Amino acid sequence: MRPLYDAHQHFQFDELAPHRAAIAASLQAIGLKRAVVNGSCEQDWPVVTDLAQQYDWILPSYGLHPWDCGNRSPHWQSALRTQLDANPLAHVGEIGLDRWMIDSVKPGDLRLTGLRVAPLAEQVEAFTWQFTLAAELNRAASVHCLQAFGPLLDALTQTKRPARGFLLHAYSGPAEMIKPFADLGAYFSFNGNFLKHSGGTRSPDGVSRLDRWKQIPSDRLLVETDAPAMPLPNECATHHLPPGPNGEPLNHPANIEAAYAALASLRDIHIETLVTQVEENFQRLFGDNSKS
Ligand SMILES: [Zn+2]
């Protein structure tokens, strides 16, 4: 069995609760070694901690996501520090910047129901504080970015960065920004949802969304599901879940296997080569290197 690593998912989300035992069995069956489970708001953090005690493949991560930034409590910073102090192997995330929810979200998008949308300046402040904390504690930071790659690069250039590096999860930025981000310590995780662009969708830089994954340096490459978010096109998914409470499609975490297969084929390398490379990269970024 191949040792697989999911660099970014959300096992704590309520939509997965009725299916958790079955999902855990599927993950064991495909050989999943570790998954970084990202608590993205204050209410999530204790749930992630509980799940990490039940499932030894969970690597917990705690952060305030830009979607939740507008609803943070006055005590969020001390609560985050408490979580990180209690678990020296935990990481920071999901944190980030999101201009999509300000400029491009369609009215009535259920994913943002009940959330106050934080203006970009407020997001930058929360992001920078959390990223600096990750640097101070040398934890990996897992970063979400939608339509805000310029401000993200500016923020990263101006703050202390974790010595071990940081993750740009489901990177959707332009091809020409891969090198500047990598120079600052970025890793990039491929998501199987990008296969929906296999028709050759071109972004403004002329490089298709999928083709830019051929340009990621091999020592900075990771694979993720973001489950239950970012479902794969139906024909690419190997594992299925019933739709969520609002009828939305859910991504099964065991589709990590399909994401590995798609990325190996895209980069035209043998899957075993990718598996070995991702394992090394995952350990370097997220592993217990406190002794080194
Ligand atoms: Zn996520």
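Tyrosine 62 has valine 92, in strand S4, as its bridge partner, and serine 61 is partnered by histidine 91 of S4. Keep in mind that this is a predicted model, where local features need pLDDT of at least 70, side-chain atom pairs count only at pLDDT 80 or more, and totals for chains, interfaces and linings use all residues. Residues are numbered from 1 along each chain as its sequence is written. Helices (H or I, at least four residues) and strands (E, at least two) are DSSP runs, numbered from the N terminus.

**Strand S4 and its partners**
- S3 (residues 58-62) and S4 (residues 91-98) pair in the parallel sense, over 2 bridges; two strands count as paired if DSSP finds at least two bridges between them.
- S4 also pairs with S5 (residues 141-146), again in the parallel sense, over 5 bridges.
- Aspartate 98 sits opposite leucine 146 in S5.
- S4 is largely enclosed by the rest of the structure, because 8 of its 8 residues are buried (buried means 20 or more other C-beta atoms within 10 Å of a residue's own, exposed 12 or fewer, partly exposed in between, with C-beta atoms placed from the backbone).

**The whole sheet**
- The open sheet has 8 strands in the order S1-S2-S3-S4-S5-S6-S7-S8, with parallel pairing.
- S1 and S8 are the edge strands, each pairing on one side only.
- From one strand to the next, the twist averages 30° (axes are lines fitted to C-alpha atoms, for helices over the stretch in contact, and angles run from 0 to 180 degrees between N-to-C directions).

**Helices H8 and H9**
- The axes of H8 and H9 come within 9 Å and cross at roughly 110°.
- That makes H8 roughly perpendicular to H9 (the label covers 65 to 115 degrees; under 35 is roughly parallel, over 145 roughly antiparallel and the rest oblique).
- Tyr260, Ala261, Leu263 and Ala264 of H8 meet Ile271, Leu274 and Val275 of H9; contact means C-beta atoms, placed from the backbone, within 7 Å.
- The buried residues of H8 (residues 256-266) are Ile256, Glu257, Ala258, Ala259, Tyr260, Ala262 and Leu263.
- Those buried residues pack against several elements, including strand S1 (4-9), helix H1 (20-30) and helix H9 (271-286).
- Just after H8, aspartate 268 takes a positive phi of about 55°.

Note on methods: Contact = placed C-beta atoms within 7 Å.
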